Amino acid sequence: MFQKSPSPGIKEIHEGAVLKVESSLRNRFASSTSLYSDTVNTNSRSTPMDYRIENDIIIFTVHGNTPVSVIIATFEAALADPAAVLPALILVDGSRSTAIRTTHEVETFAAALSGWKDKIKKIAIYVTSELHYGTMRMGTAYSSLSSFDVMPFRSYEEAMDFLEKSRH
């Protein structure tokens, strides 16, 4: 799926995820080039989303207004990472996100999650705004068809506790 060096860093994996969706985004936003270049800019120093693996937990950090297609591609890259322990415990840090998600975007991501039900054990989503918290609560209703728990949290520590408890 992604061609990468034997021990890639986050940057290489992220760039692979961005490149995978780049043509899709270009087609989708062809009439809105500024939206495309603002949301996915492979020449930019800031990345819309990245991940790392700590203590067998995949931790995603979402920055700014990351398109759902980039989130999905980054999830795919992380779940294919040889260092990932599957089924995965996942923390999504949305505290840096500025995106306001539509119902369609939430449904799209929930549909992607259901396709990974054999690869994911639990997802904790850390958000700091009330709007994001409410949107993520809506997302948990859409993702209820998957066989794992998805839960939003207002505290990073509570999100990590939720994941740590499932180890036992």
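At what angle do the axes of helix α3 (residues 68-80) and helix α4 (residues 103-115) cross, and within what distance do they come? In this predicted model, the two axes come within 10 Å and cross at roughly 15°. Because angles under 35 degrees count as roughly parallel, α3 and α4 are therefore described as roughly parallel to each other. The crossing in which α3 passes α4 is right-handed. On the α3 side, the contact is formed by V68, I71, I72 and F75, which meet E105, T108, F109, A112 and L113 of α4. Classified by residue type, this contact between α3 and α4 comprises 7 nonpolar, 1 polar and 1 charged residues.

The strands were examined next. Five strands, in the order β1-β2-β3-β4-β5, make up an open sheet of 5 strands with mixed pairing. Its edges are formed by β1 (49-54) and β5 (149-153), each of which pairs on one side only. On average, and with direction ignored, neighbouring strands of the sheet are turned by 20° against each other.

Within the sheet, strand β2 (residues 57-64) is paired with strand β3 (residues 88-97) in the parallel sense, over 7 bridges. The bridge partner of I59 in β3 is L91. Helix α6 (residues 156-165) packs on the sheet, where α6 touches β1, β2, β3, β4 (120-126) and β5.

Notes: Residues numbered from 1 in each chain as written. Predicted model: local features only at pLDDT ≥ 70, side-chain atom pairs only at ≥ 80, totals over all residues. Heavy atoms only, no water. Pairing = 2+ DSSP bridges. Helix = DSSP H or I, 4+ residues; strand = E, 2+ residues; numbered from the N terminus. Axes fitted to C-alpha atoms, helices over the stretch in contact; angles between N-to-C directions. Contact = heavy atoms within 4.5 Å. Parallel < 35°, antiparallel > 145°, perpendicular 65-115°, else oblique. Left-handed = near helix turned anticlockwise from the far one by under 90°. Nonpolar A, V, L, I, M, F, W, Y, C, P; charged D, E, K, R; others polar.
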